[in-house]
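Subject: Structure handover

Hi,

Here is the structure I promised you. Please open it and keep it beside this email while you read.

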Amino acid sequence: MKEYQTITEVSGPLVFAEVDEPIGYDEMVEIETPSGETKRGQVLESEDGIVAIQVFEGTTGIDRNASVRFLGETLKMPVTEDLLGRVMDGSGNPIDGGPEIVPDERRDIVGAAINPYSREYPEDFIQTGVSAIDGMNTLVRGQKLPIFSGSGLPHNDLALQIARQATVPEEAGEGEDDDSEFAVIFGAMGITQEEANEFMQDFERTGALERSVVFMNLADDPAVERTVTPRLALTTAEYLAFDKGYHVLVVLTDMTNYCEALREIGAAREEVPGRRGYPGYMYTDLAQLYERAGRLKDREGSVTQIPILTMPGDDDTHPIPDLTGYITEGQIMMDRPLHSQGIEPPVNVLPSLSRLMDDGIGEGLTRADHADVSDQMYAAYAEGEDLRDLVNIVGREALSERDNKYLDFADAFEEEFVEQGFDTNRTIDETIELGWDLLSTLPRTELNRVDEDLIEEHYREDAAASDAEAEEVSAD
């Protein structure tokens, strides 16, 4: 192995060195500083006898006297089933005080693209216990469904709730051992120490850590490490899913910090910037991560992704949410006005979307009445929202009795269906029954999106009657 002392420049997280042999792209590098400290890096660019190396631990202490060794291999993740219950840093090193990892094998973190022919179409329901997701924007196994949030909104609480509660219901009923077949990979990028402590306390308090692997990249860790963390998490997820048969849920937060790291590295490389200063290849880079979700025809397991991103300025046209929306199968939108009302979790179901929902619900998956109930609640809530704008102009007294019922429905939908707190775990049956309770406050004639047989079976005449009585009392 050759050792070079030919560093020509240090720029931000990058080190440039002269070489006299071909160096592979993404090859791992060890840099020994004059003080004897060894830092790891990765070849970012290699041409004309000059290589650009991104250093994971930061470039502090590196000068022209530092030695550079090229290891001849790409970054690999040591994978084993024993990773469950462990906490790693953003580079894949254990930070929980546990024993060293003895891997079954070491896998390249870039991973191989899934052949489209080998993909199984995602259509099996995952129960998150959150009504706004399960009932209105259902998550299915193998889907990638991002959460679009904003600064100061409780997206971390929602992420923890999903990680804690997510199950595959039909499998959980077959035997007690089946619970262990569901695993959570939690990849945190650029979070504060306070957030990291909250995550770990919640995982330990609820026992969710036993079926989880946690990767933590903190805000004061090098930005370069942020580009590695999600790839380590996804490599672990693919091993557990496709080699060990687990159904793996990957939660990645915060993808905005990941994209900021891409922008920082691009600026250090003096690349021509794209939209708002982000690299022009950011779409491709994000697709390399998101497209690692899915199922394979001949394998038992699955990889489901929930990436979380904070939209700068709550702008959903910003490049990060914009590009993410193109690649993924829908989005869960968190809403600042709902948050200010104290609704937990503040999920706005109207702009939210799950493109695979129709294939993951219905008889044999959730319930036969799921689709009709969801469609009717969407329509009723949307009408109530429109009427709220009208009330601001003409006042509630000017509206008809029918319109007032829709206004009441919109309020009740937010306060009873969406609002559930971050510790309540609702089954899909409880969610749909709650939907029927709300729909029963509307006249039967208004339920034009629900099959007549289902109305006959589930409509609560007493709920509509008690609602009418309450109106008469308030009128008196």
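Where is the place of P345? P345 sits in the loop between α10 (336-340) and β21.

One caution before the rest. This is a predicted model.

**Confidence**

The mean pLDDT of the protein is 89. Of its residues, 95% reach 70 or more. Strand β21 (residues 347-354) has the highest confidence, at 96. Helix α3 (residues 169-172) has the lowest, at a mean of 54. Then look at residues 171-180, where pLDDT stays under 50. The model has six contacts beyond four places in sequence for that stretch. Where pLDDT is low, predicted coordinates should not be read in detail.

**Backbone points**

A cis peptide bond also joins T253 and D254, with omega at about 5°. D254 lies in the loop between β17 (247-253) and α7.

Two aspartates have a positive phi. For D26, phi is near 70°. D26 lies in the loop between β3 (14-18) and β4 (27-32). Its relative accessible area is 16%, so D26 is buried. For D314, phi is near 55°. D314 is in the loop between β19 and α9. D314 is partly exposed, with a relative accessible area of 35%.

**The cores**

In soluble globular proteins, nonpolar side chains tend to be buried together. Here, the largest nonpolar core has 70 residues. I162, M216, M377, F409 and F413 have the most contacts inside it. Helix α13 (residues 401-418) gives the largest share of this core, eight residues. There is also a second, separate core of 55 residues, and L14, L44, Y278 and V303 are among them.

Leaving out residues up to four places away in sequence, M377 touches M136, F409, F413, F417, G435, L438 and L439.

Next, find helix α8 (residues 282-290). Its buried residues are M282, D285, L286, A287, L289 and Y290. They pack against α6 (229-242), α7 (255-268), β19 (302-310) and α9 (319-327).

D89 lies in strand β9 (residues 87-89). At 18% relative accessibility, D89 counts as buried because the limit is under 20%. D89 touches I95, F215 and M216, not counting residues up to four places away in sequence. D89 and T229 are 140 residues apart in sequence, yet 8.3 Å apart in space, C-alpha to C-alpha.

**Salt bridges**

Side chains of opposite charge can pair when their charged atoms come close. The count for this model comes to 38 salt bridges.

Start with E383 and R402. Their closest N and O atoms are 2.9 Å apart. E383 is in helix α12 and R402 is in helix α13, 19 residues apart. Both count as partly exposed: E383 has 26% relative accessibility, and R402 has 34%.

R402 also forms a salt bridge with E446, at 3.2 Å from N to O. E446 lies in the loop between α14 (428-439) and α15 (452-458), so this pair ties together parts that are 44 residues apart in sequence. E446 is buried, with a relative accessible area of 16%.

Now go to R460 and E433. Their side chains meet in a salt bridge of 2.5 Å, N to O. R460 is in the loop between α15 and α16 (461-475), and E433 is in helix α14, so the pair ties together parts that are 27 residues apart in sequence. E433 is partly exposed, with a relative accessible area of 25%. Both residues belong to a network of salt bridges that links R367, D369, D429, E433, D437 and R460.

**A surface patch**

Which residues make the nonpolar surface patch of about 280 Å²? They are L390, I393 and V394. L390 is found in helix α12 (residues 370-394). L390 is partly exposed, with a relative accessible area of 35%.

Best wishes

Note on methods:
Residues are numbered from 1 along each chain as its sequence is written. This is a predicted model: local features need pLDDT of at least 70, side-chain atom pairs count only at pLDDT 80 or more; totals for chains, interfaces and linings use all residues. Side-chain values use heavy atoms; hydrogens and water are left out. Patches are made of residues with over 30% relative accessible area and no salt bridge: like charges are joined within 9 Å, nonpolar side chains (Val, Leu, Ile, Met, Phe, Trp, Tyr) within 5 Å. Accessible areas come from the Shrake-Rupley method with a 1.4 Å probe; for residues, only the protein chains shown count as cover. A salt bridge is a side-chain nitrogen of Lys or Arg within 4 Å of a carboxyl oxygen of Asp or Glu. Helices (H or I, at least four residues) and strands (E, at least two) are DSSP runs, numbered from the N terminus. Buried means under 20% relative accessible area, exposed over 50%, partly exposed in between (1.4 Å probe, protein chains only). Contact means heavy atoms within 4.5 Å. A nonpolar core is a set of buried Ala, Val, Leu, Ile, Met, Phe, Trp, Tyr and Cys residues joined through side-chain atoms within 4.5 Å. pLDDT is the predictor's confidence in each residue, from 0 to 100.
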